Amino acid sequence: MKNQENYLIRLSRRKQELLRPIVAGCSNSEIADRMYLGYETIKSYRKNLILKLNAHNTAALVKMAIEQKLV
């Protein structure tokens, strides 16, 4: 996948798994329950996804994921 700067983006299976419920609008608590992980872990994963994809916030992350067909 390529982002706005035109370089290849590779997401781990776990990050791809996390991206789906984020796009669906789930909260960190809901995602933590689904993935059997802690709230802080999910919060950290979300932050890392935002940084990796150079998104400014979760809304931009969702828009980018849909536009680039990451989900």
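Modeller: A residue is called buried under 20% relative accessible area, exposed over 50% and partly exposed in between, with a 1.4 Å probe and protein chains only. The model is predicted, so local features need pLDDT of at least 70 and side-chain atom pairs count only at pLDDT 80 or more, while totals for chains, interfaces and linings use all residues. Residues are numbered from 1 along each chain as its sequence is written, and side-chain values use heavy atoms, leaving out hydrogens and water.

The setting comes first. The protein has four helices and zero strands, where helices (H or I, at least four residues) and strands (E, at least two) are DSSP runs numbered from the N terminus. Of its 71 residues, 34% are buried.

A salt bridge here is a side-chain nitrogen of Lys or Arg within 4 Å of a carboxyl oxygen of Asp or Glu. By this rule there are three salt bridges. Helix α1 covers residues 13-23, and in it Glu17 and Arg13 lie four residues apart, about one turn of the helix. Their side chains form a salt bridge, with 3.2 Å from N to O. Arg14 and Glu17, also both in α1, are three residues apart, again about one turn, and their salt bridge has an N to O distance of 3.3 Å. Arg13 counts as exposed because its relative accessibility is 62%. Glu17, at 25%, is partly exposed, and so is Arg14, at 26%.

Another salt bridge joins Glu67 and Lys63, at 3.9 Å from N to O. Both of these residues lie in helix α4, four residues apart, about one turn of the helix. Lys63 is exposed because its relative accessibility is 52%.

Arg46, in helix α3, is another matter. Arg46 is buried and has no salt bridge; the nearest side chain of opposite charge is Glu30, 7.7 Å away. For charge, Lys and Arg count as positive and Asp and Glu as negative, with His and the chain ends not counted. Contact means heavy atoms within 4.5 Å. Apart from neighbours within four places in sequence, Arg46 is in contact with Leu18, Ile22, Cys26, Ser27, Asn28, Ile31 and Thr58.

One of these, Asn28, is in helix α2, residues 28-35. Asn28 is buried because its relative accessibility is 12%. Leaving aside neighbours within four places in sequence, Asn28 touches Tyr39, Ile42 and Lys43 as well as Arg46.

Asn28 and Arg46 also belong to the contact between two helices. The axes of α2 and α3 come within 8 Å and cross at roughly 110 degrees. The contact is made by Asn28, Ser29, Ile31, Ala32 and Met35 of α2, and by Tyr39, Ile42, Lys43 and Arg46 of α3. Axes are lines fitted to C-alpha atoms, for helices over the stretch in contact, and angles run from 0 to 180 degrees between N-to-C directions. The two helices are therefore roughly perpendicular, a label for angles of 65 to 115 degrees, with under 35 roughly parallel, over 145 roughly antiparallel and the rest oblique.

Lys69 is exposed because its relative accessible area is 65%.
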